[in-house]
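Let us read this structure together, one feature at a time. Each question below is followed by a general idea and then by the case at hand.

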Amino acid sequence: MDTTITFTVNGKSHNLAISPDETLADLLRKRLKLTGTKIGCEEAECGVCTVLVDGEPTMSCVYPAARADGKDILTIEGLANTRDGQLVLHPLQDAFVKHGAVQCGFCIPGQIMTSYALIKRHPEPTSDDIRHALKDTLCRCAGYPTIENSIIEAARALRTGEPVRVPSIPDSVNARSVIGKSQVRPDSVEKVTGAAIYTDDLTFPGMLFASVRRAGIPHGILTKLDITKAKALPGVAAILTSEDIPGEHNHGLVIYDWPVLVGIGERVRYVGDAIAIVAAESQEIAEQAVALIETEFEKQTVIKNAVQAYQPDAPKLHANGNLLKHIKVRKGSMETGFASADVVLEHTFQTQITDHAFLEPECSLAVPLEDGRMEVYVGSQIPYQDRTQVARALGWPEERVRIVGQLMGGGFGGKEDIMGQIHSAMLANVTGRPVKLLFDRHESLLVHPKRHATQIRVKLGAKKDGRIIAAETELYGDTGAYASLGEKVMTRATTHSAGPYDIEHVRADCYAMYTNNPPAGAFRGFGVTQSAFAVESMMDTLAQTLGLDPVELRRMNALHVGSVTNTGQLLRDSVGLVECIDKVDSAMRKLNPEPFKPQPVPGSEHLVRAWGFASAYKNTGLGGGAPDTSGADLELYDDGTFEVRSSAAELGQGLVTVMRMAVAEEMSAAPEIVRVLVMDTDLTPNGGPTTASRQTYVTGNASRLAAVTLRQAITSALSEKYDVAPEKICFEGGQVHVNGHSLTFADVAREMKAMGQNPRALYEYEAPKTQPLGTGGDMHFAFSFAAQAAEVEVNTLTGEVRVLRILAANDVGTAINPLALQGQVEGGVMMGLGNCLTENFIVEDGYVVTDRLARYRIPSIAHTPEITSIIVEHPTAEGPYGAKGVGEIVSIPTTPAITNAIYNAVNIRVDSLPVDQEKIAMELASR
Amino acid sequence: MNLWQQYIRPETVADAVTALTSAPGPALPIGGGTDIMLDLHQGRHSPVHTIVDLTGIPEMKILEIRDGRLFIGAGVAISHIALHPLAALYARALTEACDLIGGPQVRNVATLGGNVAHALPAADGTISLMCLDAEAEVAGVAGRRRMPLPELFLGPGKSALKLGDVIVGFYLPLAKPGEASAFKRIMRPQGVALPIINLSVWLSRSGDTSSPHPGPLPQGEGIKQIRIAVGPGGSVPFRARNTEAFLAAKAYSPENFTAALDILLEEIKFRTSAQRATAEYRRHLVGTLLRNTLAAAWERAE
Ligand SMILES: Cc1cc2nc3c(=O)[nH]c(=O)nc-3n(C[C@H](O)[C@H](O)[C@H](O)COP(=O)(O)OP(=O)(O)OC[C@H]3O[C@@H](n4cnc5c(N)ncnc54)[C@H](O)[C@@H]3O)c2cc1C
Ligand code: FES
Ligand code: FES
């Protein structure tokens, strides 16, 4: 029973027959192909689907299309104009680009539409107005302060008619002509106009829609699987089960332990295990078919946590038992260490499971090609790994599969594992038609790997003067049903578990355990987020026990050049920890000379404020002996532009800008003439996984060295042609100067081709060799360091905690792009704040409680404190222009800085996350 | 999905009632849909045949003074109420509640009728209306009737509305000089964005209302009448009638407040909501919440 409605979208009038249960979001995206409006949750929670209906911001995902009758709708596509063939951005769009508010870009249409309505109502919005208006418009990249500044600047530009100004962000102290100076992202314009395409925005002729039957129980044996009824449903094109897997039955990133589909007689290990997959003519039919599939299970005892999994009588989840890995760190002698200590302290901490909650849910789209190959369109952090795994499951040689990486609406470590890639490819293979497999938020929350819940016992022994002599830690990490990157993550948690301190005697043991919870894998911070919380809490307890200033305690024990890490690595350069500590300390004491003393707010004595401090370090790169390589392919085109290619992934963090800047720097050219192509296994060389904060280092270096190689090739070609010494050839101002001639890059391309040379260079960069844990050598080629201070306000009556300020200093080697770094720092701090205060992925007996975004709260602009970023630059010799990893270190100290501040304010030690305001209130009430 | 087969947008209340009662299958009215659409999508509500959208009915979108009372149409968007000067003047508790519900996008479509009809014991709009002594006008097959708000609720998520019933709007007494209301709530940063406890107070002051009063609980002057609502204080939105009776015609003093709190704790039945708040925590919070909300209403009533 369709009805016809009339409405205008972006000034254009439409008259359309709609089905009764269509939403406005579907109408816009699927029928009008206005894919700038995104869908992140379909729960009215995230705001990415916001459009204006008669000028009012409205979430189109829950707005019935029928109601749009007679309405005037404005979407992100309707803001920019074209004048004389040139795109003219709306000041809001312009400001978001110039200020660097655009990271992954997925939330940006919603942010801009909501702020558009705000500025219409309040031409001069205050910070409070903005926070009120954007409260429910989430950004997981969380550059909230920058979003706020962009809006204020856009409003100013609109009021005055002046152009949008660029923000003033200081250059790197190591700035060169391009490197170290703020650059806007090459993809930010398309992200603010809604033109940017993410996987779900793609459609292909004849495309089918897929849906997955999940186990829905945490542990059991599949005893019955009947697809007859589902198969009979009209519109179903294919239903596949474990028997239909042409190749290998298991996938995995390191260990192949994760079944593509669980077959009859096989074990279900978590609620998200896939049992059968359906492709159908529509999403609705696919979902109906999934509901018609009949299953029976023989249920088994559920393993709920890592400690239970370690018990000898626990049921065995995998052939080798429940222990994924026992990870050990040994340095010195614990007996000697603790015997010579004046004080010994010990405490156990517990961290929760958290979800990446990237705003773009997973989507894979497989397209079979006529030549027998298969293309998979997907936003993936490791395109080459996807290729391997899809090919393995199909039983094909890898070259038959092409992964065409798409823009990612956030990853944060959560898009490294296989989600729908294999399933969509299998369905496309049997049907011969393109198949799209899109997760909704519910499925995304149930299925993809999380952050490891970890129990951490820390024992510290110290001298009276504060020198730490011995540190012993014991960790139980819950890696869930499958390994994913669990071993690597827990190794990082373990090696970093005694903090960034120079300690003679260290022992750490970690038991990474399989359980029946959703798998745990990579998540920004890679295990160090958890162990930093434990050890940094203990540092404050130690300071208090010894009557020392907590900052002084850290300074005294801090790693420095010449220190040997817990794993036996001599730090030869680039250890900016003390400078980070000093800078945050002095900034903090400038604001408050007695930062750690509780201070009631005058007039509201029940509100008590205090500061807390924490420091951290985090490796850059894979380390531990894994070869860490990345390739970059650079080509000069006839029109004088460059293209640099690598399969490294851009998830919003800004790698593409780094690649572009490195090439521009080496060519002395403008960054705008360098295009970047990433994430395509046919067209780009392997960039390795985008994990462990490694890409600026390895792919940054690969791009730089590809440029150096091409520059040398150009130089030697021109030196031959013009018969001048190579030293006489100079690259400057976007040209090459030879013998008084000035050649443009187009000239150069022509000349080289005339000489029979291809102006192209491929560079395979190999990072310095590392050694496996336990061998005592260099486990990592670089470390980043950080210190943060947090000012909190605790309501002593209700237990509520508010973070007022964060001071964050990060030693990043060299700030290659200060603008992007600002976004990384803000986003990292906010993610740390979420980890501490708002986020709690709850699993009860293997069943996921937080299975909707409504139940899993990530920080919004309303939680955002004042964030001050202090950049410390201790270049590392091998890094590109001295740079090292940024992505993770920015997030790690936030949680303990906040919990230490809570302790200082109200004398309550938070030892399990997230902070529970009820516990604080009840504890205070009982005193 | 096919969660419903028919979507109707009537233009009069009578048509809405007819549409609801004449549908060939289960029929449901929707306001903004911010509760019910999600329930349908997520399978918490069984699929229905017909959706009757109430937001196109002009009568239900009116906010005005009518017959010496404030009338708020059940289809008025929450954001509209939050910004409306008449609501701010006569029903501050409601304005405050509406300003806290959801975010701006939710408030732009969510309606007061939906907030009340959903019958949750701690819906912000409902709790504020409870202290304002609101009366609902309900249209049904047998015509229109007025119902005091508490009569609308049978249990958590269960209203007394029958098939074909539509809440047309709410009538609120106009606050006179010396009368005022306030609403406050306490959230928790994790989990669903609903309050763990909320509370509204309406009161009238007696005595000399012109002299300034330092401190939160000045002595001397009296509370003439008072109404207090707390969510979630039971299976339905809770009016603290014993506490009200105690405080009526009493001085606004710390001693009376302490005694009133004891009565409140006696008459209210807090429950523990897993992962949200224990009953003990709610008992702990309600004192602070009552003190602050009472003080806000008291100051306003000058
Ligand atoms: C992100 C988010 C945040 C939220 N935050 C809050 C919050 O902070 N506080 C809070 O209280 N609520 C909150 N809510 C819940 C919800 O938005 C409100 O309760 C809202 O007021 C419901 O109104 P609606 O018009 O959307 O209701 P609908 O979903 O349209 O309807 C709800 C129920 O009422 C019935 N109904 C609606 N109108 C009428 C009528 N006139 N007559 C008879 N029956 C009717 C419907 O049949 C349905 O059963 C939130 C929801 C979301 C999605
Ligand atoms: S609010 Fe609509 S998609 Fe999230
Ligand atoms: S830029 Fe906002 S979610 Fe990524």
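Predicted model: local features only at pLDDT ≥ 70, side-chain atom pairs only at ≥ 80, totals over all residues.

Q: With which side chain does the side chain of Glu135(B) make a polar contact?

A: A polar contact is a pair of N or O atoms within 3.5 Å, where within protein one must be able to donate a hydrogen and the other to accept it, and residues adjacent in sequence count only if both atoms are side-chain atoms. Here the partner of Glu135(B) is the side chain of Arg69(B), at 2.9 Å. Glu135(B) itself sits in strand β6 of chain B, residues 135-140, where strands (E, at least two residues) and helices (H or I, at least four) are DSSP runs numbered from the N terminus.

Q: Which residues is Glu135(B) in contact with, leaving aside its neighbours within four places in sequence?

A: Contact means heavy atoms within 4.5 Å. By that rule, and with those neighbours set aside, the partners of Glu135(B) include Arg69(B), Arg146(B), Pro148(B), Gly169(B) and Tyr171(B).

Q: How is chain B divided into domains?

A: The bounds come from an automatic or database domain assignment, which gives domain 1 (6-56), domain 2 (58-173) and domain 3 (179-300) of chain B. Between domain 2 of chain B and domain 3 of chain B, the C-alpha centres are 21 Å apart, and 23 residues of domain 2 are in contact with 24 residues of domain 3.

Q: What area is buried between domain 2 of chain B and domain 3 of chain B?

A: The size of an interface is often given as the accessible area lost when the parts come together. Buried area is that loss (1.4 Å probe), summed over both parts, and for these two domains of chain B the value is about 1900 Å², with 61% from carbon and sulfur atoms. On the side of domain 2 of chain B, the residues losing the most area to domain 3 are Pro121(B), Ile127(B) and Cys131(B), which together give 29% of what that side buries.

Q: How many salt bridges are counted between domain 2 of chain B and domain 3 of chain B?

A: A salt bridge is a side-chain nitrogen of Lys or Arg within 4 Å of a carboxyl oxygen of Asp or Glu. The count between these domains of chain B is three; Asp124(B) also forms a salt bridge with Arg185(B), with the closest N and O atoms 2.5 Å apart. Of the elements on the side of domain 2 of chain B that touches domain 3, α8(B) gives the largest share, six residues.

Q: How many residues does each chain bring to the contact between chain B and chain A?

A: Chain B brings 47 residues and chain A brings 48, and the two chains bury about 4000 Å² between them, 52% of it on carbon and sulfur atoms. There are two salt bridges between chain B and chain A, and Arg67(A) meets Asp53(B) in a salt bridge at 2.7 Å, N to O. Across this interface 26 residue pairs are in polar contact, both residues at pLDDT 80 or more.

Conventions:
Residues numbered from 1 in each chain as written. Chains lettered and ligands numbered in written order. Heavy atoms only, no water.
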